[in-house]
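Subject: Structure handover

Hello,

I am passing a structure on to you, with the sequence alongside. Please load it before reading the rest of this email.

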Amino acid sequence: MESSKKTVDVGGPGMSYVGFSDLPNLIHRKSVKKGFEFTLLVVGRDGTGKTTVVNSIFHTDIINEPPEHVDFSDCKVVLDPSTVELEERGVKVRLTVVHSHGYGDSLNNTSNPDPIIKYIDDQFDKYFNDESGINRRHILDTRVHCLLYFIEPYQRGLKPLDVKFLKAVGSKVNVIPLIAKSDTLTKQELAAKKDQLARDIEKYEIKVYQMPDGEDDDAEYKETFACIKKCMPFAVCGSNTPIEMKNHKVLARAYPWGILDVENGEWTDCKALRTMIISQMSDLQEVTHNVHYENYRSERLLKDKLGKRYGEASESRMDAIGEQQREQDRLLREKDAELKRMQEHMARLQQQLQQQTKLDAIPGRDSRV
Ligand SMILES: Nc1nc2c(ncn2[C@@H]2O[C@H](COP(=O)(O)OP(=O)(O)O)[C@@H](O)[C@H]2O)c(=O)[nH]1
Ligand SMILES: [Mg+2]
């Protein structure tokens with residue numbers, strides 16, 4: 001796992017600013033002291049813009065392409081984590097982005113997403129073991145706090161693989177579904193895609209991350225959060241190319257017919273997505289710990305308990321079987337001995353009979369004497 005320390009202006013030059021240091025004060029103070037450990041898992045078919053969008057959201061090259069150490073030869077999903085330390089006005093975030101490669105690429109996709117699910121479970125396992133270990137104060141939290149799921153802009157609704165995967169991970173991790181490459185759709189198409197996605201999420205009963213109501217937040221935050229909620233499900237567009245627009249540089253995509261600032265809220269929800277991830281980092285962590293990890297923990301404890309009980313049960317069953325076997329052996333031995341006794345008795349009788357016959361054959365001997 002690579003790790004590098006970068007100080008990043010998350011708001012970006014000239015852009016209206018939402019960063020870690022804008023978090024509500026209470027959370028802010030907590031995070032200054034502790035620092036955040038945050039893990040983002042990025043899933044979607046190759047080429048949907050995962051790398052570009054994540055890098056443009058955080059204004060830094062967190063994910064480098066192509067990863068030289070990854071072997072793509074056998075159509076399996078490969079997970080590639082990279083870590084950066086972001087620091088902004090004294091607030092630190094150790095951000096790990098786990099980029100998936102090869103999702104949905106194999107001929108038989110039924111087991112294709114398994115490595116992703118295994119990765120999520122492995123991190124819970126690791127945390128569970130660390131928590132029960134000696135050094136529980138300094139656990140490195142590698143649990144996945146948020147999963148960004150990229151959906152191709154051209155597809156009509158969720159495909160069976162999307163549904164299968166999202167249903168499987170919805171109870172393990174905070175899922176945020178994203179319509180990729182929003183710049184390739186017209187406004188009407190985009191609205192229709194969002195509607196369709198929202199309907200599919202309801203139809204297939206997929207669990208996605210719900211932002212808290214924010215009842216305790218001040219009016220400004222409430223308004224921002226209400227705007228973010230209106231944008232959901234998000235449609236995103238990425239660029240790693242800074243272009244000069246109205247005297248300041250923005251990350252934008254240049255087309256023959258014009259330039260699109262990827263943070264332009266009319267066309268993309270990148271800014272809303274970034275604001276949500278950053279402002280809800282603490283909530284995403286809490287939901288991960290209190291809901292998803294708790295589910296995992298109670299399931300695991302139950303499994304361990306059942307496993308132990310099964311072990312004990314099978315032990316006493318083995319004892320009972322052993323007892324039965326010993327009883328059968330004893331009966332067999334008794335029967336053998338009885339048989340042997342009867343055979344010896346028969347042999348003796350036969351011998352007596354033979355002797356008697358010989359005596360009777362002697363002339364002048366009265367058999368009645
Ligand atoms: N039109 C459009 N192209 C994009 C967007 N994001 C990335 N791309 C392009 O799509 C291709 C794949 O992008 P990449 O980020 O490597 O996708 P990944 O395989 O999912 O990580 C590259 O040629 C990008 O320039 C976007 O939002 N809109
Ligand atoms: Mg990529």
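Below are notes on confidence, helix packing, a salt bridge and some backbone details.

Confidence

Please keep in mind that this is a predicted model. The protein has a mean pLDDT of 82, with 80% of its residues at 70 or more. Strand 5 (residues 146-151) has the highest confidence, at a mean of 98, while strand 1 (residues 2-6) has the lowest, at 43. Across residues 1-16 the pLDDT stays below 50, yet this stretch has 53 contacts in the model beyond near neighbours in sequence. Where pLDDT is low, the predicted coordinates should not be read in detail.

Helix packing

Two helix pairs are described here. Helix 3 (residues 114-131) packs with helix 4 (residues 160-169) at an angle of about 10°, and their axes are 11 Å apart. Because angles under 35 degrees count as roughly parallel, helix 3 is roughly parallel to helix 4. From helix 3, the residues I116, I117 and I120 meet F165, A168 and V169 of helix 4. Sorted by class, this contact between helix 3 and helix 4 has six nonpolar residues, with no polar and no charged ones.

The second pair is helix 6 (residues 219-231) and helix 7 (residues 270-279), which pack at about 125° with axes 10 Å apart. That angle makes helix 6 oblique to helix 7. Their crossing is left-handed. On the helix 6 side, T224, F225, I228 and C231 take part, meeting A272, T275, M276 and S279 on the helix 7 side. By class, the contact of helix 6 with helix 7 comprises five nonpolar and three polar residues, and no charged residues.

Salt bridges

The model has a count of 15 salt bridges. A salt bridge joins D122 and K118, whose closest N and O atoms are 2.8 Å apart. D122 and K118 both lie in helix 3 and are four residues apart, so about one helical turn separates them. Side chains of opposite charge can pair when their charged atoms come close.

Backbone details

Two loop positions may be worth a look in your viewer. The peptide bond from M232 to P233 is cis, with omega near -5°. P233 sits in the loop between helix 6 and strand 7 (234-235). K246 is not a glycine, but has a positive phi of about 45°. The loop that holds K246 runs between strand 8 (242-245) and strand 9 (248-255).

Regards

Conventions
Residues numbered from 1 in each chain as written. Chains lettered and ligands numbered in written order. Heavy atoms only, no water. pLDDT = per-residue confidence, 0-100. Contact = heavy atoms within 4.5 Å. Axes fitted to C-alpha atoms, helices over the stretch in contact; angles between N-to-C directions. Parallel < 35°, antiparallel > 145°, perpendicular 65-115°, else oblique. Left-handed = near helix turned anticlockwise from the far one by under 90°. Nonpolar A, V, L, I, M, F, W, Y, C, P; charged D, E, K, R; others polar. Salt bridge = Lys/Arg side-chain N within 4 Å of Asp/Glu carboxyl O.
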